[in-house]
Amino acid sequence: MTLTRLAGTTALLSLLAQAGLAQVAAIGAGEGALNIVAWPGYIERGETDKGFDWVTKFEEATGCQVNVKTANTSDEMVALMNEGGFDLVTASGDASLRLVAGKRVQPINTDLIPSWSKVDDRLKDAPWFTVDGIHYGVPYQWGPNVLMYNSDVFKEAPKSWSVVFEEQTLPDGKSNKGRVQAYDGPIHIADAAQYLMAHKPDLGITNPYELTEDQYKAALDLLRAQRQLVGRYWHDAMIQIDDFKNEGVVASGSWPFQVNLLKSENAPIASTIPEEGATGWADTTMMEADAAHPNCAYLWMEHTLNSNLQSDLSVWFGSNPVVPAACEDASGQQTKEGCAANGFEDFDRVRFWTTPVSKCAAGDCVPYYRWVSDYIGVIGGR
């Protein structure tokens, strides 16, 4: 039985949780280094923009030198953690339970994180990193997957995700064929499923991550049709930015990070959450099972819950802080209005990335290992 199949069983996760005990009982002096796998733009030291630096002061205060390896997909993050050599990872919900099931991360002793009490109550026990009451990480940031579009082409925000799923003539009189993108990750199947929830209700989809065979087949069929429209499957945020600037791409699912960077360059870019809603990500800082620098790791996890860091990061990335006070305590650059614009009050409208498992509320569902192999086939034209 493969690891991904094992990850699909609630029973296994329960056993792992019962067996797992927080490995760190007290924090000592920093070991001098900290190796982190993170999404692009998540850990800044002022090199991109001097106004955004939450690493330098941490290094000065702790002596822990931060080294970052960026990853562009959850599958890449899981692969890097399986290779070893990292202390922490900023894992999204479609990776976190796989890391728990694979014993690649360890339980976290929240008593050693003084700022834990400040964490948004909506996230403290989120199921993508909490198993039987045991926490396998510390929330970091969250947000929706938005529809990014060229505002010269779309004078008004697109009302539907149909502009990237179905062939059509866009407001500039040209076809969308070859001018749209889709995410290069199996979790994009959930975006198709969510679109079908609204447009083919007879399929009975209630959760885009819990799909029966018939529902799953319908999602794959939609993605195969989308394949005829997609100019590029993106996974590198910077390449997508270049494609919108120079390659004629006018619409795609994206992250607020790309939207903000393009806007900062005065590109004709805007974003929206269409009427069908959005999938989204709630990321967790998780600690490697055999982390070489556990003291620095705990010091960093506490540091990440600093209101100033949460505030500035949410402005930089276009995301939402996991410490609600960061929206309005003036500790950083974020404001209450900024959090509202980033969707802070839309938490219940976002369907957060979750690892698909074989046993779900609908009964027998298609597990993640199938999503991986089948999405490779879709991209390859099969």
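**Disulfide questions**

User: What joins Cys 327 to Cys 339?
Analyst: A disulfide does, with 2.1 Å from S to S. The term means a pair of cysteine sulfur atoms within 2.5 Å. The value 2.1 Å is within that limit, so the pair qualifies. The model is predicted: local features need pLDDT of at least 70, side-chain atom pairs need 80 or more, and totals for chains, interfaces and linings use all residues. Residues are numbered from 1 along each chain as its sequence is written, and side-chain values use heavy atoms, without hydrogens and water.

User: What hand does the link of Cys 327 and Cys 339 have?
Analyst: It is left-handed, with -90° about the S-S bond. Cys 327 lies in the loop between strand E13 (320-321) and helix H13 (336-341), and Cys 339 in helix H13, twelve residues apart. Helices (H or I, at least four residues) and strands (E, at least two) are DSSP runs, numbered from the N terminus.

User: Why does Cys 327 count as buried?
Analyst: Buried means under 20% relative accessible area (exposed is over 50%, partly exposed in between; 1.4 Å probe, protein chains only). Cys 327 has 4%, so it is buried. Cys 339, at 1%, also counts as buried.

User: Why is the disulfide of Cys 64 and Cys 296 called left-handed?
Analyst: The torsion about its S-S bond is about -85°, so it is left-handed. This pair links distant parts of the chain, 232 residues apart. Both cysteines are buried.

User: How many disulfides does the structure hold?
Analyst: Three. One of them joins Cys 360 to Cys 365, S to S 1.8 Å.
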